[in-house]
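Colleague: I am new to this one. Could you walk me through it?

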Amino acid sequence: MYKSLFQKIITIPIIIYALVLIAMPILYVLALSFLKSDAYGGIINEITLQNYIDIFDVVYLSVFLKSFIIAGIATFLCIIIAYPFAIFVSQKKPHIQKIMMVLVIAPFLTNSLIRMYGWIILLRKEGIINTFLQNIHLTDHPLQLMYNDLGIIIGLVYTLLPFMILPVYSAVSKVDKSILEAAKDLGANKIKTFTNIMLPQTASGLFNGSLMVFIPAIGYFFIVDILGGGKLMLLGNLIKNQFLTARNWPFGAAISIVLIIITFLLVKLYKKKGGNMDELGGF
Amino acid sequence: MKWKNFYIGLVLLFLYLPILVLIIFSFNTSSLNILFEGFTFKWYGELLNNVSLLEALKNTLIVSITSTLISTIIGTISAFALKKYDFKGKKIINQLLYIPIVIPEIVLGIALLSIYTFLHVELGLGTLILSHIAFSLPFVIISVRAVLDNMPSNIEDAAKDLGASNIKTFWNVIVPTIMPGITSGAFLAFTLSLDDVVISYFTAGPGSNTLPLQIYSMIKTGVTPDVNALATLILLAVFLVLGISTILQIRNIKRQVKV
Amino acid sequence: MKKIVLLTLISILLTACNFDNSKDNVVNILNWSSYIPDVVIRDFEKETNIKVNYGTYSSNEELLAKISSAKEGTYDLIFPSDYMIELMKNRDLITTIDKSKLTNLNNINPNYLNLSYDYGNNYSLPFLAATVVIAVNTENIKDNITSYNDLLNPKYQNNIVLIDDQRIIIGMALLALGYDMNETDETKLKQAKEWLLKLKNNVKAFDSDSPKTFLISKEVDIGVLWNAEAAIAMEENSNIKTIYPNEGFALSIDNFAIPKGSKNQDNAYKFIDYILRPEVMQKIIESYPYKNVNKETDKLLDSNYLNNNAANISDKMIKNGILVKNIGSFVKDYDKVWAQIK
């Protein structure tokens, strides 16, 4: 097949990008995960499966388990908050809907760390929420709102909520209102309308949102660091520590590869359920 | 209906609570961020003297603008190339594009750090820009592709029939038609880059601290209220831009409703 | 042909990213967080026209990871502690110091020269000394805390902040159990792990960057932290008292060192020499009241510093401090224990 110069020029950048910035780094991490490390961070060119075997140590398995539980709770809470919100907003007039969605997105165009800092001011022992609760005598001693699992979950839900709201809202607003009306006319009660029409028609949006919340939640080490007080470790922190303090790159690489595999399985499931890959881009 | 509005309000309150706190405390005379003691503008003045913070802001803008420009240009061309041409490895490339979107950011972060180290590339603004291109390019491609897929194919043929060259057709006919996809892709790339913590954390070097990284280290060592002032200013800018664009869009919606 | 084009493009892309910093007048410094106040750096920049690229780390291990993964020549000046100097020297990561380039060398207190980790100071010069202390807010804690073991009291649940430093904290557990702080014996390390897991119930946070904030904002009442952090907390809240535990305490001497391959060595020397000036060191010590090792600065420090028992530790007291030692590849065992605790 004849290839014009034009074709060559416009296809080369994407080939270089895919090779240099995606394939090469990921393949290198894969290679790294089968190598050994010395005590000081050097990499020894000897092939081993030890890094993968080490993951099955109770210490690290519990980090996996804990990460999935916390990310799962955060995802669940995001659904609980976002789903009704999306349904209620979709019942509004078009321009109100538009304003609402802008209001949802706007905070997320500002710095996420600054917003985390806002949460510290709110949640700490002598912070705004505790001071308020004590002033109205709802509690007589400050509550532990951060430096624990609760703080991390608040931070994750807050940061990732829009990634749930947007796909769910877009799914909900696509549901044909006349069908809902028809169901009502035929005497279906609210619960039946919801389970038989709304839920099946918006399932892919929910799945999309769940993926976009669950996967990042596993890796957001800075939220765990800031709101967890550095004593809780999720997978993101574990990987970060292997690379930046424990100097065991091969082990960190092995954990990353396992994480990639888990991600791929989830995405595969999503595709199998009829999910559109391009919609995972969010927005 | 009332309780539905109440619920919507509650969710919005959750989203805006930390931001409101920051705005209020940016006018607080006390630097401790615990009680509101008095009104002042002094932190806005202090902000201008905070060299590290301003430098980080400068770096952030350099990285975001450069990476967005490059991602947008390459993304637009590539979306077109991937649609129009068949070439070896196209299928694989199409698959690879989803990797930065779906895998946890930290994995891409350490992968890029590893490859830079392996190739002895010095960490700094250069690696930051490259890394930001790495995660934002696929978003541009998807955004452009969505518009490209809806473009009638006869536009291109018509231009060619009229004797326009490939480049001319692309530049004069296709680019203007897919402009909405390009701008929304660029906007997405820019916002992702502006707020990236995880990947920058691994790929920045000496002298290339970005705003999120600087604020991260400030949160760990002690935040001064000039950060609140900066947050307030950023928020103001965001609302100004979004507000104007929303008003314009709502006008359109209303006009359509009337027609 | 196509492959050649591709490869050259890749290499151009990658070299383009090697923004050459050396041609600018810069110095790339990597230092502990909360160690040198911003104003000192700005004054140095104004005086010398050298741009300081300043990065921070929170532990020696983090510094080691950064230095060994970064391309040689990325950094010009770092501040490793004693044992890390020895380790970096052995690993050929730092280069010898040319003392002839320093005019203020004689200001250094000779007590802190010629120490076991670097006899002759060929690779390092002392910058500051830090000790690990227990700080207690006596407003809420009436008990008389004298030992690390007192911290295990279940009353203190969620009420302690610890620095996030594996050698120091595991060392503390070893001291509490009556062992050597640098123990490498497997069973003793295991006991230390058990001890720390017990303590963890009382720990609210691990934080090296600013543990004082936890005490000042009354988030916790007890902290095991660096002496300057305790000293600042004491200044902010007079109820906070500093205790040197019976079992002994860790002493850490942090040093100037120049990484191998540094491209801006002359600027690094200028920075060291600037810091060694008595009045500059005074500014640093007044912002971060660690144990000063500059004998000329000693003459300038006021009673605020001298009377603060966390900041100004007597020479006699400091002799009781225990240095963290380089333990070679046993560091992996410490890594493992640390991972199990956190």
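This is a predicted model: local features need pLDDT of at least 70, side-chain atom pairs count only at pLDDT 80 or more; totals for chains, interfaces and linings use all residues.

Modeller: Start with two residues, Phe127(C) and Phe256(C): both are buried.

Colleague: How are the planes of Phe127(C) and Phe256(C) arranged?

Modeller: The ring centres lie 5.3 Å apart. The planes stand at 65°. Planes over 60 degrees apart count as edge-to-face, so the pair of Phe127(C) and Phe256(C) is edge-to-face.

Colleague: Which strands of chain C does this pair link?

Modeller: The pair joins distant parts of the chain, 129 residues apart. Phe127(C) sits in strand 5 (residues 125–137) of chain C, and Phe256(C) is in strand 10 (residues 250–256) of chain C.

Colleague: Is Phe41(B) buried or exposed?

Modeller: The relative accessibility of Phe41(B) is 54%. Exposed means over 50%, so Phe41(B) counts as exposed.

Colleague: What about Tyr44(B), buried or exposed?

Modeller: Tyr44(B) has a relative accessible area of 16%. The limit for buried is under 20%, so Tyr44(B) is buried.

Colleague: How much area is buried between chain B and chain A?

Modeller: The contact takes 94 residues from chain B and 84 residues from chain A. Carbon and sulfur atoms give 81% of the buried area. That area is about 8200 Å².

Notes:
Residues are numbered from 1 along each chain as its sequence is written. Chains are lettered from A and ligands numbered from 1 in the order in which they are written. Side-chain values use heavy atoms; hydrogens and water are left out. Contact means heavy atoms within 4.5 Å. Buried area is the accessible area (1.4 Å probe) that two parts lose on being put together, summed over both. Buried means under 20% relative accessible area, exposed over 50%, partly exposed in between (1.4 Å probe, protein chains only). Rings of Phe, Tyr and Trp (its six-membered ring) pair if their centres lie within 6.5 Å; planes under 30 degrees apart count as stacked, over 60 as edge-to-face and the rest as tilted. Helices (H or I, at least four residues) and strands (E, at least two) are DSSP runs, numbered from the N terminus.
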